[in-house]
Amino acid sequence: MRDKYRINWLEPAKEDLRNIVFYLIDKAPLVALGIQDEFAHQLAILEEFPNISQENAYFDGVFDFKIKGLPYIVAYKILHDSRTIEILAVLHERKNRANPKNYPF
């Protein structure tokens, strides 16, 4: 059995997730409190299956992982040599993804 990939959140992606939590805290406090755990739970599949997502339409080598049940996409890169998944950004599935200028990388 091969070693699992390690998930590494880059600072801009961490900030995206913090901003989502801050936005939701007033509107849906229970969702806001559990959202980080939900992201971690769903992204864990990438540790074993990093190529499970479709490639991003704008950027080569970037993949988009849809968070089920929430309107968010996680953009990531696969670094095969170090067996690392780099989380680049968290984007709203409608608002941010429509324009490549909205990607922070």
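In which sense do strands β3 and β4 pair, and over how many bridges? In this predicted model, strand β3 (residues 62-67) and strand β4 pair in the antiparallel sense. Six bridges link the two. Within this pairing, lysine 66 of the chain faces isoleucine 73 in β4. The hairpin of β3 and β4 has four residues between the strands. In that hairpin, glycine 69 adopts a positive phi near 85°.

Strand β4 spans residues 72-79. Six of its eight residues are buried, and the strand is mostly covered. Strand β4 also pairs with strand β5 (residues 84-92). The two run antiparallel and are joined by eight bridges. Valine 74 has valine 90, in β5, as its bridge partner. Four residues again lie between the strands in the hairpin of β4 and β5. Here arginine 83 takes a positive phi near 50°.

In soluble globular proteins, nonpolar side chains tend to be buried together. The largest nonpolar core of this model comprises 23 residues. Those with the most contacts inside this core are Trp9, Ile35, Phe39, Leu43, Val74, Tyr76 and Ile87. Two or more residues come from each of α1 (11-27), α2 (29-43), β3, β4 and β5. Helix α1 gives the most, with five residues. Another core, of six residues, lies apart from the largest one. Val62, Ala75, Leu88 and Ala89 are among its members.

Tryptophan 9 is one of the residues with the most contacts inside the largest core. Leaving aside residues up to four places away in sequence, tryptophan 9 touches Lys14, Leu17, Phe39, Leu43, Ile87 and Val90.

Methods. Residues are numbered from 1 along each chain as its sequence is written. This is a predicted model: local features need pLDDT of at least 70, side-chain atom pairs count only at pLDDT 80 or more; totals for chains, interfaces and linings use all residues. Side-chain values use heavy atoms; hydrogens and water are left out. Buried means under 20% relative accessible area, exposed over 50%, partly exposed in between (1.4 Å probe, protein chains only). Two strands pair if DSSP finds at least two bridges between them. A nonpolar core is a set of buried Ala, Val, Leu, Ile, Met, Phe, Trp, Tyr and Cys residues joined through side-chain atoms within 4.5 Å. Contact means heavy atoms within 4.5 Å.
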